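Subject: Structure for you to look at

Hello,

Here is the structure I said I would pass on. Please open it and keep it beside this message while you read the notes below.

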Amino acid sequence: MRFGCHLSIGDGYLGAAKKAFQMGMAAFQYFPKNPRSLSIKEFNKDDTALCKAFCKETGITSVSHSPYPTNLTPHNMKQREQVIRSLLNDLEIAESCGSIGVVVHFGKHLPNKTLIESYQLMIEVLNDVLFEWNGQAKILLENKAGVPGTIGTTLEELVQIRKLCDQPEKIGFCLDTCHAFSCGLWDGDNWLKVLRRGTDLGYFDELEVIHLNNSKYPTREGKDRHAPIFQNGYINVDQFDQLMKTPKLNGIPFILETPKEEVPHEKEIRLLKEKWG
Ligand SMILES: [Zn+2]
């Protein structure tokens, strides 16, 4: 099992990789730049190259996460251009660090557009980004939190959007367990059903990373509040156990985005390894 957590790049990309190694992790996630902005980062190519070499040598998998304002359903042309430029910058940094891809949240249902128009816009933005991208790093589409029926919460949408893009081979998936729980996609008791449906759809063939998070709220309440795996959450250990022991998920990096003030990540990784390592 490849366990890891989200880490800061305060000490650079190599610094984050070294931290992951020190913590005994086989994977980590990082923001390629300021997580609150879409501005383009002129990154240090020596640092990214050293990060890539270090990860290769130590067998660590890294995953990048796009900044929060990255919106696949932009409100206007100016924002659309910013999102496209920023995502290409994220992909370039990810590639340079040797990361598998850049996690991006599914788009929104725009208030002045129909659901179909919102999907269409999302496909156009993805097409524009990937038309200009020829690296190995992929866009990793993440399922959203929300009450049942919210856009981007079903496996069907993820699979269909990918399929409808011009270059689906450049898109993979990221499954967030808290988001899946929040909307009832995975309610804790239906894992076998999720697994069967996802397998039929081909979802699991494209799954590249899991955001391993518990939820502070019960299922189907639509709340996106992450909790540590072993405490303060509504998903119990037996429910996680079913997911963790799924052979299809072997080798996929499991990344914690849990509140480290509640349980330090060092400790949480140790507990994960004890239980499922
Ligand atoms: Zn997530």
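How many C-beta neighbours does Arg-220 have inside 10 Å, and does that count as buried, partly exposed or exposed? There are 15 of these neighbours, so Arg-220 counts as partly exposed. Before going further, keep in mind that this is a predicted model.

Arg-220 and a second residue

Arg-220 sits in the loop between β8 (214–215) and β9 (226–227). Its phi is near 70°, which is a positive value in a residue other than glycine. Asn-232 is another case: it is not a glycine, yet its phi is positive, at about 65°. The loop that holds Asn-232 lies between β9 and α8 (237–244). Asn-232 counts as partly exposed because it has 16 C-beta neighbours inside 10 Å.

The chain as a whole

The chain has 9 helices and 10 strands. Its C-alpha trace spans about 50 × 45 × 30 Å along the principal axes. A compact globule of 277 residues would have a radius of gyration near 19 Å, and the 18 Å of this chain therefore agrees with that. Of the 277 residues, 46% are buried. Among the contacts with a separation of 6 or more, 78% are between residues 24 or more positions apart.

The core

In soluble globular proteins, nonpolar side chains tend to be buried together. Here the largest nonpolar core has 71 residues. Those with the most contacts inside this core are Ala-17, Phe-28, Val-102, Ile-139, Leu-140, Leu-141 and Ile-255. Take Ile-139 as an example. Leaving aside neighbours within four places in sequence, Ile-139 is in contact with Gly-101, Val-102, Val-104, Leu-126, Val-129, Leu-130, Lys-170 and Ile-171.

Helix α2

Helix α2 covers residues 45–58, 14 residues in total. From its first C-alpha to its last it reaches 20 Å, close to the 20 Å expected at 1.5 Å a residue. Which residues of α2 are buried? They are Thr-48, Cys-51, Phe-54 and Cys-55. These residues cover an arc of only 125° around the axis, so they are on the same side of α2. On the face turned away from the buried side, α2 carries the exposed residues Lys-45, Asp-46, Lys-56 and Glu-57. Just after α2 comes Gly-59, with a positive phi of about 75°.

Strand β10

Strand β10 consists of residues 253–256. Pro-253 and Ile-255 point one way from β10, Phe-254 and Leu-256 point the other way, and all are buried. In a regular strand the side chains alternate between the two faces of the sheet. Ile-255 is also one of the residues with the most contacts inside the largest nonpolar core.

Which strands pair with β10? One is β1 (residues 2–6), which runs parallel to β10 and is joined to it by 4 bridges. In that pairing, Arg-2 has Pro-253 as its bridge partner. Another is β7 (residues 207–212), which pairs with β10 in the parallel sense over 3 bridges. There, Ile-210 stands opposite Phe-254.

Regards

Definitions and conventions. Residues numbered from 1 in each chain as written. Predicted model: local features only at pLDDT ≥ 70, side-chain atom pairs only at ≥ 80, totals over all residues. Core = buried A, V, L, I, M, F, W, Y, C linked by C-beta atoms within 7 Å. Buried ≥ 20, exposed ≤ 12 C-beta atoms within 10 Å, placed from the backbone. Contact = placed C-beta atoms within 7 Å. Helix = DSSP H or I, 4+ residues; strand = E, 2+ residues; numbered from the N terminus. Expected span 1.5 Å × (residues − 1). Arc of directions from axis to C-beta. Pairing = 2+ DSSP bridges. Rg over C-alpha atoms; globule rule 2.2 N^0.38 Å.
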